[in-house]
Amino acid sequence: MAFTAYHNIDGANGVDQTLIETTEGPGGIKSITITNVHSADATLDLYFFNDTTFEKFYFIKALVIPPDATQILSISDFNNNLYSLEITVGSSDKVDVILGR
């Protein structure tokens, strides 16, 4: 799968979604912008996932973003050789995610 910097996440399509797969794309992600595009609060988890050990390492847990608000996260040079980057949202939540290098 090719790297995609822009994601429209709709909880109705599955609450757990992969943003970057292990060994996919350029790595070196330094920022994550998350915008709530729904009319109610969006709650989400953002975590690194090890496909071999099935361990989750939370970067953000239970973050609540109000309607029409944006959260910008700085990340220290994420390298996806060992971990994928995943997001979990509520089943009625809709957020847009932009991954920056």
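Predicted model: local features only at pLDDT ≥ 70, side-chain atom pairs only at ≥ 80, totals over all residues.
Local features here need pLDDT of at least 70 and side-chain atom pairs count only at pLDDT 80 or more, while totals for chains, interfaces and linings use all residues. Residues are numbered from 1 along each chain as its sequence is written, and side-chain values use heavy atoms, with hydrogens and water left out.

Let's start with the sheet. Four strands make up an open sheet in the order S2-S7-S4-S5, with antiparallel pairing. Strands here are DSSP runs (E, at least two residues), numbered from the N terminus, and two of them pair if DSSP finds at least two bridges between them. In general, strands of a sheet pair through backbone hydrogen bonds, either parallel or antiparallel. The edges go to S2 (16-20) and S5 (55-65); each has a single partner strand, so one side of each is left without a neighbour in the sheet. From one strand to the next, the twist averages 25°, taken between lines fitted to C-alpha atoms, with angles running from 0 to 180 degrees between N-to-C directions. S2 and S7 (residues 84-89) run antiparallel and are joined by four bridges, and Gln17 stands opposite Ile87 in S7.

Next comes the loop between S6 (70-78) and S7, where Asn80 lies. Asn80 has 3% relative accessibility and counts as buried (under 20% relative accessible area; exposed is over 50%, partly exposed in between, with a 1.4 Å probe and protein chains only). A polar atom of the Asn80 side chain lies 3.1 Å from the backbone oxygen of Glu21. Asn80 and Gly90 are 10 residues apart in sequence, yet their C-alpha atoms are 25 Å apart in space.

Then there are the aromatics. Rings of Phe, Tyr and Trp (its six-membered ring) pair if their centres lie within 6.5 Å; planes under 30 degrees apart count as stacked, over 60 as edge-to-face and the rest as tilted. The count by this rule is four aromatic pairs. One of them is the tilted pair of Tyr47 and Tyr58, at 5.4 Å centre to centre and 55° between the planes. Tyr47 belongs to S4 (residues 42-50) and Tyr58 to S5, so the pair ties together parts 11 residues apart in sequence. Tyr47 is buried at 2% relative accessibility, whereas Tyr58 is partly exposed at 39%. Phe49 and Phe54 form a tilted pair too, with 6.3 Å between centres and 55° between planes; Phe49 is buried at 16% and Phe54 exposed at 62%.

Key:
Polar contact = N/O pair within 3.5 Å; in protein donor to acceptor, adjacent residues only side chain to side chain.
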